[in-house]
Amino acid sequence: LYTVYHGLNRPKTLLFEGSDPIGIEVQKTVWGYKRTDALGNVYFFRYRLINKGGVDIGGGTNGAFYLDSLFLCQWSDIDLGNAGDDVAGCDSVLSLAYVYNGNPVDISYQRFNLPPPASGYDFLGGPIVNAPGDSGVYNFKRVYNKKNLGMSSFAYFSAGSIYTDPPFADYDRGTGRWWAMLRGYAPVGTIADAQSPYNHPPGFAITKFPLSGDPVVSTTTGFVDGLGTTYSVNPGDRRILLNTGPFRLAPADTQDVYMGFVVAIGGDRITSVALMKAFDKACQETFDLVFQVAKPAKNPAIKVTELDGEVLLDWSWDQATIKDTEGRIVIPGNYTFEGYNLYQFSNNGGADPVKIATYDVVNGVKTVSDLVFDPVIGQFVLKPIQIGTDAGLTRFLSI
């Protein structure tokens, strides 16, 4: 999906938060991967920012501003089912900000007998800045002696709380509160108060990452949301900001920002958070590999021969497909071929799969294990995911 937008309509920008236009065009590309693993629970997007100017600077003249301290946020009114019982959080290590349910049950998901999921945004790679000896990603390519900025702060506001929506068409309290939140400060007062920190729990150092406690560890202690205190308001309708900056954008300059949106549904509202963070790591790894996503092998080309009381399935004849399947190293990950599983289904829709045969390479490997998320304990545990016999490869089957 691709869209382009800008903020050059002065009456509209003034109506929004009381600020004049600054002349940035944004080109947004959104994509995902049709997969059954973690990447099937993620979509990605790139914002391309171009300082195109076009701003009325008076006297009938259009010009462009040199933006020397630009902050950018991924903002979201991130309603999760019923918006009235949401809570938010952030993880500065993962550059992740997210929302999860404040109650054990969400009425929107209860209709489908599902526990509440969790969802969040990851600053995979912010604007690129000079960094000798480092590397970053720009225009879907790795570049050197540069690096991508990460999440520099987190902010939130909530309808009906002490941190409520900034008013429209109001420079002091609209633009002022956004300017505060873009840098990790609380949306209170006017632009003169744009460095007031969020309330923090007693004894906690003041940071620009409010709600940074881990609800997987504890939902009742630490800097977590939804406790009904001065530093943790009651569950409600949350809006979140993942911020990055400052960076510069001279006239005609271009910057890229890469984001991921991650969802997960575990056994309950808290294990959904744990699973979402696990999926987020796969999201970040995909970005770090500059979106070199592993491609599956070709489907075996099977010939079916019907005999008297017998059916032969044969996929040994197509050498090109066999080479692609058995000889290719799957990148990223450097995975190699181990064997074939054959399944029988009760109908064409793929119902009731039953494994009827396994043929695997003779190499001493009979069990393949992997880390699998256990929704009961909310953690990844090492479990067998494939069981072989080490009996050797066969590329046909008689039934």
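These legends walk you through several close-up views of one predicted model.

The model is predicted, so to speak: local features need pLDDT of at least 70, side-chain atom pairs count only at pLDDT 80 or more, and totals for chains, interfaces and linings use all residues. Residues are numbered from 1 along each chain as its sequence is written, and side-chain values use heavy atoms, with hydrogens and water left out.

**View 1. K52 and E25 meet in a salt bridge.**
A salt bridge here is a side-chain nitrogen of Lys or Arg within 4 Å of a carboxyl oxygen of Asp or Glu, and a search of the whole structure finds 14 of them. In this one, the closest N and O atoms of K52 and E25 are 3.1 Å apart. The two residues lie 27 residues apart and link distant parts of the chain: K52 sits in the loop between β3 (42–51) and β4 (55–56), while E25 belongs to strand β2 (residues 24–32). Strands (E, at least two residues) and helices (H or I, at least four) are DSSP runs, numbered from the N terminus. E25 has a relative accessible area of 14%, so it counts as buried; buried means under 20%, exposed over 50%, and partly exposed in between (1.4 Å probe, protein chains only).

**View 2. D170 pairs with R173.**
Here the side chains form a salt bridge with an N to O distance of 2.9 Å. D170 is buried, at 17% relative accessible area. R173, at 37%, counts as partly exposed.

**View 3. D225 and R238 form a salt bridge.**
Look for the closest N and O atoms of this pair, 2.8 Å apart. D225 lies in the loop between α3 (171–181) and β13 (238–249), and R238 is in strand β13; they are 13 residues apart, and the pair links distant parts of the chain. Both D225 and R238 are buried.

A disulfide is a covalent bond between the sulfur atoms of two cysteines. Counted as a pair of cysteine sulfur atoms within 2.5 Å, disulfides number zero in this structure.
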